[in-house]
Amino acid sequence: MQVREQLKHFVIENFLFGRENGLKDDDSFLDNGIIDSTGVLELITFVEETFGIRVQDADLVPDNLDSIEKVTNYVQRQLGANGGGA
Amino acid sequence: MQVENFLELSAQRFPHKTALVCGGRRLAYREIDEQANRLAHSLIAEGIERGDRVAVYLENSVEAVVSVFAILKAGGVFLVVNPTTKADKLAYILNNCRARGLVMPARKADMLAAEDVPHLQRVWLAGGAQDEPSMAGKRIIDLASVVNDPALPVEAPRKQCIDIDLAALIYTSGSTGRPKGVMLTHLNIVSAATSITTYLENTADDIILNVLPLSFDYGLYQVLMAFKIGGSIVLERSFTYPYAVIQTVIRENVTGFPIVPTISAVLLQLDLAAYRFPALRYITNTAAALPVDHIRRLRDLFPSVKLYSMYGLTECKRVSYLPPDQIDIRPGSVGRGMPNEEVYIVDGDGQRVGPGVVGELVVRGSNVMKGYWELPAETDKMLKPGPLPGEKALYTGDLFQMDEEGFLYFFGRKDDIIKTRGEKVSPREIEEVLYALPGIAEAAVVGVPDAVLGQAIQAIVTLREGAALTRQDVLRHCAERLEDFMVPQSVVFMNSLPKTDSGKISKRTLAAAQTEVRG
């Protein structure tokens, strides 16, 4: 699976109780009440374990994490910076 | 003294001081006061009169703060509705208190299209004008245009209220399954805010961070109290991105950080070794008691910070606080009554009991609510005659024991109301939602002990023959219909539910069984 699909699958399974509910890639998690602070920590653990990247504290901001689109871009940047991934 | 005076007096004393930091904006006291004055004039021009209810259905934002004070300045009664509230419940609340005005986000303007809200006449939209929102018969006003309208006066409108008039309604879950509005007067709020800022030793130098929704009285009071003391409030929409919040604490030199146990649980998962919090003076906790293990680890993490353990209920705002020097001595206590308030414990006959005896906690003080909006029978269950003629004391329904020195220890509830994250939740409200899911034959909702939430919500259901519902199906159904804090944490499927002799589902048996399972 591609990064985007893996992330989307995780978010739908864990935060939307398994139903897509019209979730769009650029829907803000905050605006739509999809994730709370515990959920964000779960998402980070998932990203670190699945893609083998270390998420720095300074990166834990809405700009990097607040939609499928943003997390996908963030993960791809990190994988690129690490020379193509784990 | 009235609640809007908090803002007005500070705007006179510190016109150019930062009052509010929110969403990348910094507003001085004068700016907020002027915006609130303009909106108040708009409210009055649109027909809002003394005592009219106006709802604020917004995320934590500059607009939410300005709206609350504008409604008070116009002589109205504000109610802040949780931004995760669904359309049908929002409509119920608006109709229950016959709100004439509503402030809501422009992007949600269509959500009431299918609801019948006959009393609502005016809607102020925050966050940009919308193309023709479908709200038949309602006049739509752009909030940003109003607060920046040079034609509207920046001076406050003439005062109409006195301090025994209503200032706010705060809706809480009711035992009938419908939310009920706690009526608070200006005097109630001013009294509670005065007592709390006294024991927290707040001064104008305090900078308070609030991540809790303003629909929750604990969140709302952070704003009210910051303005009362002439300090600053840093308002975050939520604690969703904890590291971003931590960076805000440091960047803004935050001195006061109110938390609930769910925030403490997340804080203790973070790696904060690299951070220093030299400005942080105090952390407060309420909603549910902090687990003793959290207290110890928070004390290690923030060694020079005063940690206040507190307890309260919306009906009187706050009951007690544990002085920080007692927290290592009595970590299991929620403390003593706050200044200008008396608390005592009574037995089933209403007689005061001595130390070490469990009974119902009673609260006396000018912070005690006026009752539940248009629910005299429910009010009479909570407000009973006090020692003085005409006085009403608050019978909390919470069971406590007091030690020799007057420190309080929580034991549980008299009824089956669940206390989770500090919110009272009626099992019946959730059960009604569960029964609306085809496939569910019987449903019971109970609270089970939880170290972080106080109580976790558990749904116990039986299925109709042939139905094949999963845990996810049940939780999704709930999440689509209930506020976040009311969605059960767990679902248990059973073949049948235990019944009492009269054939009713026995909650007592269920709760005992589930508590046992969890150990």
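# Salt bridges, a cavity and loops in a predicted model

Reader: How many residues apart in sequence are the parts tied together by Glu252(B) and Arg26(B)?

Author: The side chains of Glu252(B) and Arg26(B) meet in a salt bridge of 2.9 Å, N to O. Glu252(B) lies in the loop between helix H8 (242-251) and strand E12 (256-259) of chain B, and Arg26(B) in strand E2 (residues 25-28) of chain B, so the parts tied together are 226 residues apart. Glu252(B) is buried at 9% relative accessibility, whereas Arg26(B) is partly exposed at 48%. The separation in sequence is 226 residues.

Reader: Which residue forms a salt bridge with Glu8(B)?

Author: The partner's side chain meets that of Glu8(B) at 3.2 Å, N to O, and belongs to Lys159(B). Glu8(B) lies in helix H1 of chain B and its partner in the loop between H5 and E8, so parts 151 residues apart in sequence are tied together. The partner is Lys159(B).

Reader: Which elements give two or more residues to the lining of the largest cavity?

Author: The whole structure holds three cavities of 30 Å³ or more, and the largest has about 50 Å³ of space. Of its 13 lining residues, those closest to the centre include Glu4(B), Leu72(B) and Lys159(B). The elements asked for are helix H1 (3-13) and helix H3 (62-73) of chain B.

Reader: How do the residues of that lining divide into nonpolar, polar and charged?

Author: The lining of the largest cavity has 13 residues, with Lys73(B) and Gln160(B) among those closest to the centre. By kind, the residues divide into five nonpolar, three polar and five charged.

Reader: Why does Ile164(B) count as exposed?

Author: Ile164(B) is found in the loop between helix H5 (143-147) and strand E8 (166-172) of chain B. With Ile162(B) and Leu187(B), Ile164(B) makes a nonpolar surface patch of about 260 Å². Exposed means over 50% relative accessible area. Ile164(B) counts as exposed because its relative accessibility is 57%.

Reader: What is the phi of Lys317(B), and is the residue buried or exposed?

Author: Lys317(B) is found in the loop between strand E14 (306-311) and strand E15 (320-322) of chain B. Its phi is positive, although the residue is not a glycine. The values are a phi of about 70° and a relative accessibility of 5%, which counts as buried.

How values were computed. Residues are numbered from 1 along each chain as its sequence is written. Chains are lettered from A and ligands numbered from 1 in the order in which they are written. This is a predicted model: local features need pLDDT of at least 70, side-chain atom pairs count only at pLDDT 80 or more; totals for chains, interfaces and linings use all residues. Side-chain values use heavy atoms; hydrogens and water are left out. Patches are made of residues with over 30% relative accessible area and no salt bridge: like charges are joined within 9 Å, nonpolar side chains (Val, Leu, Ile, Met, Phe, Trp, Tyr) within 5 Å. Accessible areas come from the Shrake-Rupley method with a 1.4 Å probe; for residues, only the protein chains shown count as cover. A salt bridge is a side-chain nitrogen of Lys or Arg within 4 Å of a carboxyl oxygen of Asp or Glu. Helices (H or I, at least four residues) and strands (E, at least two) are DSSP runs, numbered from the N terminus. Buried means under 20% relative accessible area, exposed over 50%, partly exposed in between (1.4 Å probe, protein chains only). On a 1 Å grid over the protein atoms alone, a cavity is a set of points where a 1.4 Å probe fits but cannot get out, and a pocket is an open set with protein on both sides within 12 Å along at least five of seven lines; lining residues have an atom within 4 Å of a point. Grid points are joined across faces, edges and corners, and a volume is the space filled by probe spheres set on the points. Ala, Val, Leu, Ile, Met, Phe, Trp, Tyr, Cys and Pro count as nonpolar, Asp, Glu, Lys and Arg as charged, and the others, Gly among them, as polar.
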